[in-house]
Amino acid sequence: MHRRELPLTALRSFEAVGHAMSFSRAAEVLGVTHGAVSRQIAALESLLGVRLFDRSGRLRFTREGEILFRRIAPAFDTLSEAVMEISRRDDRTVLRLNAPPTFTMKWLIPRLSTFQRRHPEIEVRLSTGIDLPKSDDANYQDVIIRRLSRIDTYPQSKPFLSSALLPVCAPELLQRRSIRTPNDLEALPLIEIATSMVRWADWMERAGGQALGKAKIIGLEQMFFGMQAALDGLGVALLPSALVLDDIAAERLAVAWITDTIQERDYFYAVSPAAKGVRAVTKFTEWLAKEGADADSLGRSVIHGPSEAEDQGSSV
């Protein structure tokens with residue numbers, strides 16, 4: 001078959017299905033429908049006269065499909081690298097950024113306008129995610145931001161924003177209760193977020209309190225739900241300090257028990273290998289580091305007060 005006759009669209013669909021071992025996930029990656037991918041694979045199998053996938057149970061390659069995938073996957077990687085090498089010149093103005101959704105809404109977007117004013121020539125294309133991308137996916141983003149443990153960081157990631165785990169609630173809840181010890185918080189409903197690595201029982205022990213008693217626990221699935229529930233006065237939520245500083249400063253939230261020694265995960269950024277040295281990426285990461293340092297300083301001031309903040313050696 002001459003190269004001019006190669007069915008590139010069908011081969012791209014086949015390569016996507018081969019990577020994901022799923023027609024549905026391949027369709028999401030390609031931005032098309034499940035049916036469109038199925039038709040492309042069927043057309044390719046008809047053209048080649050062989051079956052490329054065994055669909056009798058869990059999707060897997062046939063012998064012919066495995067041979068084809070081993071040859072075309074590196075070919076598409078080479079094409080992708082060539083295109084990125086040309087498109088990622090120093091005068092490139094598009095920056096692709098991926099960050100966790102709650103962080104994006106509560107921390108990044110409120111500050112992003114300052115970056116855009118300083119660098120109007122850089123177009124930021126923002127998407128959200130919480131999973132760590134695989135190495136072959138990382139090149140689809142210039143910069144990724146994730147909450148990571150310092151003892152298990154993502155390769156080449158750099159910390160830029162500290163975050164203690166703070167118990168916060170609507171200020172009016174504290175007006176009804178006297179909180180003298182961590183266990184006094186048990187008089188209020190305690191909001192527990194499924195994605196948090198630290199539960200209320202763990203926090204109580206690490207904050208110097210007694211074992212958690214018969215407190216009312218409200219379980220919520222996502223961090224944003226917990227944050228909104230705290231703002232609406234539903235109870236006390238354990239939330240990353242970095243994401244609640246603006247609400248604390250505006251007195252929409254109050255810290256129910258001050259301790260900045262309970263670290264869960266901090267915020268890190270990582271630059272795709274293909275984006276290293278790109279001017280737009282360098283400018284953004286420099287700005288990100290500066291904003292993170294400013295937010296850490298603000299956090300110490302908001303939580304401890306100006307005088308105490310000056311004496312704090314560790315970031316919140």
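I started with the largest cavity, whose lining splits into 5 nonpolar, 2 polar and 3 charged residues. My classes: Ala, Val, Leu, Ile, Met, Phe, Trp, Tyr, Cys and Pro are nonpolar, Asp, Glu, Lys and Arg are charged, and the others, Gly among them, are polar.

Ground rules before going on. I'm working on a predicted model, where local features need pLDDT of at least 70 and side-chain atom pairs count only at pLDDT 80 or more, while totals for chains, interfaces and linings use all residues. Numbering runs from 1 along each chain as its sequence is written, and side-chain values use heavy atoms, with hydrogens and water left out.

**Cavities**

I searched the whole structure and got 2 cavities of 30 Å³ or more. On a 1 Å grid over the protein atoms alone, a cavity is a set of points where a 1.4 Å probe fits but cannot get out; a pocket is an open set with protein on both sides within 12 Å along at least five of seven lines; lining residues have an atom within 4 Å of a point. Points are joined across faces, edges and corners, and a volume is the space filled by probe spheres set on them.

The largest cavity holds about 50 Å³. I listed its lining: Arg147, Leu165, Ile193, Thr195, Ser196, Met223, Leu238, Pro240, Glu264 and Arg265.

The second largest cavity comes to about 30 Å³. Around this one I found Leu132, Ile144, Ile145, Arg146, Leu148, Tyr154, Ser157, Phe268, Tyr269 and Ala270. By class that gives 8 nonpolar, 1 polar and 1 charged. Helices (H or I, at least four residues) and strands (E, at least two) are DSSP runs, numbered from the N terminus.

**Second largest pocket**

I got about 380 Å³ for this pocket. Its lining has 16 residues, with Pro100, Ile130, Thr195, Met223 and Arg265 nearest the centre. Helix H5 (101-118), strand S5 (143-148) and helix H8 (223-231) are the elements that give two or more residues to that lining.

**Sheet**

Next I looked up an open sheet of 5 strands, order S9-S8-S10-S7-S11, with mixed pairing. The edges are strand S9 (217-220) and strand S11 (254-255), each pairing on one side only. Two strands pair if DSSP finds at least two bridges between them. S8 (190-193) and S10 (236-240) pair in the parallel sense over 2 bridges; there, leucine 190 stands opposite valine 236 in S10.

**Helix H10**

Threonine 285 sits in helix H10 (residues 279-304). Is threonine 285 buried or exposed? Its relative accessibility is 11%, so I log threonine 285 as buried (under 20%; exposed is over 50%, partly exposed in between, 1.4 Å probe, protein chains only). A polar atom of its side chain lies 3.1 Å from the backbone oxygen of threonine 282. Leaving aside neighbours within four places in sequence, threonine 285 is in contact (heavy atoms within 4.5 Å) with Val143, Tyr269 and Val271.

Glutamate 291 is also in H10. I got a relative accessible area of 13%, so glutamate 291 is buried. Past the four-place neighbours in sequence, glutamate 291 contacts Trp107, Arg111 and Thr114. I also checked glutamate 291 against leucine 112: they are 179 residues apart in sequence but 9.8 Å apart in space, C-alpha to C-alpha.

Definitions and conventions: A polar contact is a pair of N or O atoms within 3.5 Å; within protein, one must be able to donate a hydrogen and the other to accept it, and residues adjacent in sequence count only if both atoms are side-chain atoms.
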